[in-house]
Amino acid sequence: MTLGQNYLGYSNDSLKIKSVFLKETVSLNLHIPETFNFSAKSTKYPITIIFDSQHERTYPQIINSIDLLTNESQIPETIIIGVPFNRNNRYYLTSSQKNKNDSLLGIERMERFLFNELIPKLQKEFKAKTI
């Protein structure tokens, strides 16, 4: 039997981005506040990025913790993005290693993905706050 995870104040969606810097299409976990569709156009949400979202035991606990803290008014509603890694890119994209014939370090690729692709998309499409 498979049970879906229900969060009180957040959606449980995905977001695909064809990344120039990561050289692949990345499927991210996306959780937006349930109030998103009812909020004013001027409303802006902070962004919370969680790495290693592929962990099936810890990732839902993190989201549940954020959900609880939001519902208890301990933190503001936020746009939550889960970034999964796989066995091939986990260490490369968080390291100072460089692939053969590449001008960028793995961590530089991840940084450019975050700041030049992901965050601008969230700002444009999901009312994310400007950094």
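Mentor: Ser-19 has 4% relative accessibility and therefore counts as buried (buried means under 20% relative accessible area, exposed over 50%, partly exposed in between, with a 1.4 Å probe and protein chains only). This is a predicted model, in which local features need pLDDT of at least 70, side-chain atom pairs count only at pLDDT 80 or more, and totals for chains, interfaces and linings use all residues. Residues are numbered from 1 along each chain as its sequence is written, and side-chain values use heavy atoms, with hydrogens and water left out.

Trainee: Which backbone nitrogen does the side chain of Ser-19 reach at 2.8 Å?

Mentor: A polar contact is a pair of N or O atoms within 3.5 Å; within protein, one must be able to donate a hydrogen and the other to accept it, and residues adjacent in sequence count only if both atoms are side-chain atoms. Here the nitrogen at 2.8 Å belongs to Leu-22, and that of Phe-21 is reached at 3.3 Å.

Trainee: Beyond its neighbours within four places in sequence, with which residues is Ser-19 in contact?

Mentor: Contact means heavy atoms within 4.5 Å. The partners of Ser-19 are Glu-24, Val-26, Phe-113 and Glu-117.

Trainee: Which residues of helix 2 are buried?

Mentor: An α-helix has 3.6 residues a turn, so residues three or four places apart point the same way. In helix 2 the buried residues include Met-110, Phe-113, Leu-114 and Glu-117; helices are DSSP runs of H or I with at least four residues, and strands are runs of E with at least two, numbered from the N terminus. Strand 1, strand 2, strand 3 and strand 4 are among what covers the buried residues of helix 2.
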